[in-house]
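Student: I have a structure open and would like to go through it with you, a bit at a time. Can we start with a loop and then move on to helices and rings?

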Amino acid sequence: MQEALDIAASLCRKFEGLRLRPYICPAGYPTIGYGTVYKPDGTKVGLDHPPISKETAEEWLLTELQNNYLVGVLRASPILITKPKALGALTDFAYNLGVARYRASTLRRKINEGNWEAARHELMRWTRGGGKVLPGLVKRRKAELAFLVEM
């Protein structure tokens, strides 16, 4: 599990970026740190939230990944228990798009079938925002894809 968590955290740090003051993310939510919308105590981040330290942002990211996203992906795809690299990449995917979207996706279905070629194809379909292909999402999906190529 630690390898998966390390991969997910590394991808999140790279693609979410670090902002120590609250801001509105592209999806329209007040956000802080490495894309944190809900603090570990369950309360929402508000635009009036005081700045946080890098250490707090790191703690919140790891807590969210471990307690919500990694667990959620693993519940949806138990096959990933023996594939820590893929689990880490898909945990990042879920952090970006939500566990519910992962659960409902054809990507999840292909992974659970063990059809890795189709899963890689499905992963690269998740590159749009607002109806447009977003270069940042293309880069993120390609980075996640690198951990699925060994399958």
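Predicted model: local features only at pLDDT ≥ 70, side-chain atom pairs only at ≥ 80, totals over all residues.

Student: Where is Cys-25 placed?

Tutor: Cys-25 is in the loop between strand E1 (19–24) and E2, where helices (H or I, at least four residues) and strands (E, at least two) are DSSP runs, numbered from the N terminus. Residues are numbered from 1 along each chain as its sequence is written.

Student: How far apart are Cys-25 and Gly-35 in space?

Tutor: From C-alpha to C-alpha they are 7.7 Å apart, and in sequence Cys-25 and Gly-35 are ten residues apart.

Student: Changing topic, what span should H1 have, and what does it have?

Tutor: The 15 residues of H1 should span 21 Å at 1.5 Å a residue, and this agrees with its end C-alpha atoms, which are 20 Å apart; the expected span is 1.5 Å times one less than the number of residues in the helix. Just after H1, Gly-17 takes a positive phi of about 75°.

Student: Which residues of H1 are buried, and what covers them?

Tutor: The buried residues of H1 are Ala-4, Leu-5, Ile-7, Ala-8, Ala-9, Leu-11 and Cys-12, and what covers them includes H2, H3 and H7.

Student: Take Leu-5, then: what is it in contact with?

Tutor: Once its neighbours within four places in sequence are left aside, Leu-5 is in contact with Leu-62, Leu-65, Gln-66 and Leu-70, where contact means heavy atoms within 4.5 Å. Leu-5 has a relative accessible area of 8%, so it is buried.

Student: What about H2, how many residues does it have and how far does it reach?

Tutor: H2 has 23 residues, and from its first C-alpha to its last it reaches 31 Å, close to the 33 Å expected at 1.5 Å a residue.

Student: Where is the kink in H2 centred?

Tutor: The kink, of about 40°, is centred on Leu-65, and the bend at a residue is the angle between axes fitted to the seven residues ending there and the seven starting there.

Student: What do the buried residues of H2 pack against?

Tutor: They pack against helix H1 (2–16), strand E2 (30–33), H3, helix H4 (99–104) and helix H5 (106–113). Among the buried residues of H2 are Trp-60, Leu-65, Tyr-69 and Val-73.

Student: Which residues touch the most other members of the largest nonpolar core?

Tutor: Of its 36 residues, Leu-65, Leu-80, Tyr-102, Leu-107 and Ile-111 touch the most other members; a nonpolar core is a set of buried Ala, Val, Leu, Ile, Met, Phe, Trp, Tyr and Cys residues joined through side-chain atoms within 4.5 Å. The largest share of this core, nine residues, comes from H2.

Student: On to rings: how many aromatic pairs are there?

Tutor: The structure holds three aromatic pairs, and rings of Phe, Tyr and Trp (its six-membered ring) pair if their centres lie within 6.5 Å, with planes under 30 degrees apart counting as stacked, over 60 as edge-to-face and the rest as tilted. Tyr-69 and Tyr-95 form an edge-to-face pair, at 5.1 Å centre to centre and with 70° between the planes. This pair links distant parts of the chain, with Tyr-69 in helix H2 (residues 54–76) and Tyr-95 in helix H3 (residues 84–97), 26 residues apart.

Student: Why does Tyr-95 count as buried?

Tutor: Tyr-95 counts as buried because its relative accessibility is 7%. Phe-93 and Tyr-102 form an edge-to-face pair too, at 6.2 Å centre to centre and with 75° between the planes.

Student: Which residues do ring pairs link into a cluster?

Tutor: Phe-93, Tyr-102 and Trp-126 are linked into a cluster by ring pairs.

Student: Last one: what does Glu-144 touch?

Tutor: Not counting residues up to four places away in sequence, Glu-144 touches Leu-11, Ala-89, Asp-92, Phe-93 and Leu-123. Glu-144 is in helix H7 (residues 135–145), and it counts as buried because its relative accessibility is 1%.

Technical notes. Heavy atoms only, no water. Buried < 20%, exposed > 50% of the residue type's maximum accessible area, 1.4 Å probe, protein only.
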